[in-house]
Amino acid sequence: YKGGQEERGLDEFLADVRAVLETQGSTPMDLMKEFKMELYQDEIYVFTPNGDLIKLGKGATVLDFAFAIHSKIGSRCISGKVNGKNVPIKYVLNNGDTIEIITSPTQTPKRDWLSFVATSKARAKIKQALREEYAKSAELAKEQLQRRMKNRKAEIDEAVLMRYIKKKGYKTVTDFYLDIAEEKLDINTVIDECVEQEQKEKETPEHTETRSAEEYVANIEAKELSTHQDILM
C-alpha cells in the first residue's frame with residue numbers, strides 16, 4: 001500500500017470491515033450496504049459473494065474482476081451479477097459492488113476483450129490465451145493443408161510455400177494458417193496457386209531466392225499480438 005494518509009484511511013476501513021464481520025448475523029450484503037468506499041481516485045474495492053475484498057484499478061469491469069479471481073474463471077466468464085443484478089462482462093464496477101461471476105465451459109477468450117479490460121493482469125491473461133488458441137488453430141490448419149497436398153499428390157517445396165505466403169501479403173505464417181482455419185482461404189485454391197508458382201519458378205532458373213524455414217523466427221502472435229515477423233508453425 002502507498003503509506004501516509006492513504007494507508008491510515010485503508011487501516012481505518014479494514015478495522016470497520018473487521019468490526020462488521022465480527023457482528024453476529026452480519027452477511028456480505030450487509031457489508032456491501034455499509035461501506036461505499038472512496039479511499040482512492042484511481043482504485044476501487046469490491047467484494048466477492050463471500051465478502052472477500054478485491055482491489056482493482058478504476059474503470060475495471062466484470063471481466064477484470066473474473067481474471068482477478070482466477071485466470072480460468074476469467075477465460076470462461078460470460079456475464080456477471082453486480083449487487084444481484086445481471087450485467088454483461090464489460091460492465092464497469094464501482095466501489096463497494098458485490099460481484100458474482102457467471103461462467104460457461106464452452107466460453108473462450110475473445111480478441112475484442114482487449115478493448116475494454118482495464119487491468120494489466122486481465123490483458124496479459126487474455127493475450128496468453130489468444131496466443132495458445134492461435135497456435136492450436138494454426139497447427140491444425142497446417143496439418144490439414146499437408147493432408148490435402150498428400151491426397152492430391154502435390155509435392156510443393158517448402159521454400160516455394162514460404163514465398164507464396166509472403167507474396168500473398170502475410171506478415172506471419174501464423175496469419176496464413178489462421179485464415180485457412182477460419183476458411184478465409186480455400187485449401188484447394190492455395191495448392192493450385194502454389195503448384196502454378198512452382199512451375200513458373202522452374203521455368204525461370206534465374207530465380208535464386210531460397211530462404212529456408214529456419215530463417216523464420218518462431219512467433220505465434222497474430223493481429224495486434226503480432227511482432228510482424230515471418231514465422232513457421
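Q: Where does lysine 153 lie?
A: This is a predicted model. In it, lysine 153 sits in the loop between helix 5 and helix 6.

Q: And what is the phi of lysine 153 near?
A: Phi of lysine 153 is near 55 degrees, which is a positive value in a residue other than glycine.

Q: Is lysine 153 buried or exposed?
A: Exposed, with a relative accessible area of 74%.

Q: Which loop is asparagine 83 found in?
A: Asparagine 83 is in the loop between strand 3 (77-82) and strand 4 (85-87). Its phi is positive, about 55 degrees, although asparagine 83 is not a glycine. At 32% relative accessibility, asparagine 83 counts as partly exposed.

Q: New topic: helix 8. How many residues does it have?
A: Helix 8 (residues 187-203) has 17 residues. From first C-alpha to last it reaches 25 Å, close to the 24 Å expected at 1.5 Å a residue.

Q: Which residues of helix 8 are buried?
A: Ile187, Val190, Ile191, Cys194, Gln197, Glu198 and Glu201. Seen down the axis of helix 8, the buried residues fall within an arc of 130 degrees, so they line one face of the helix.

Q: Why would spacing like that work in general?
A: An α-helix has 3.6 residues a turn, so residues three or four places apart point the same way.

Q: What covers the buried residues of helix 8?
A: The cover includes helix 5 (120-151), helix 6 (158-167) and helix 7 (173-181).

Q: Which residues are exposed on the other side of helix 8?
A: Lys200 and Glu203.

Q: What caps the N-terminal end of helix 8?
A: Aspartate 186 does, with a side-chain oxygen 3.2 Å from the backbone nitrogen of asparagine 188.

Definitions and conventions
Residues are numbered from 1 along each chain as its sequence is written. This is a predicted model: local features need pLDDT of at least 70, side-chain atom pairs count only at pLDDT 80 or more; totals for chains, interfaces and linings use all residues. Side-chain values use heavy atoms; hydrogens and water are left out. Helices (H or I, at least four residues) and strands (E, at least two) are DSSP runs, numbered from the N terminus. The expected span of a helix is 1.5 Å times one less than its number of residues. Buried means under 20% relative accessible area, exposed over 50%, partly exposed in between (1.4 Å probe, protein chains only). The arc is that of the directions from the helix axis to the C-beta atoms. Contact means heavy atoms within 4.5 Å. A polar contact is a pair of N or O atoms within 3.5 Å; within protein, one must be able to donate a hydrogen and the other to accept it, and residues adjacent in sequence count only if both atoms are side-chain atoms.
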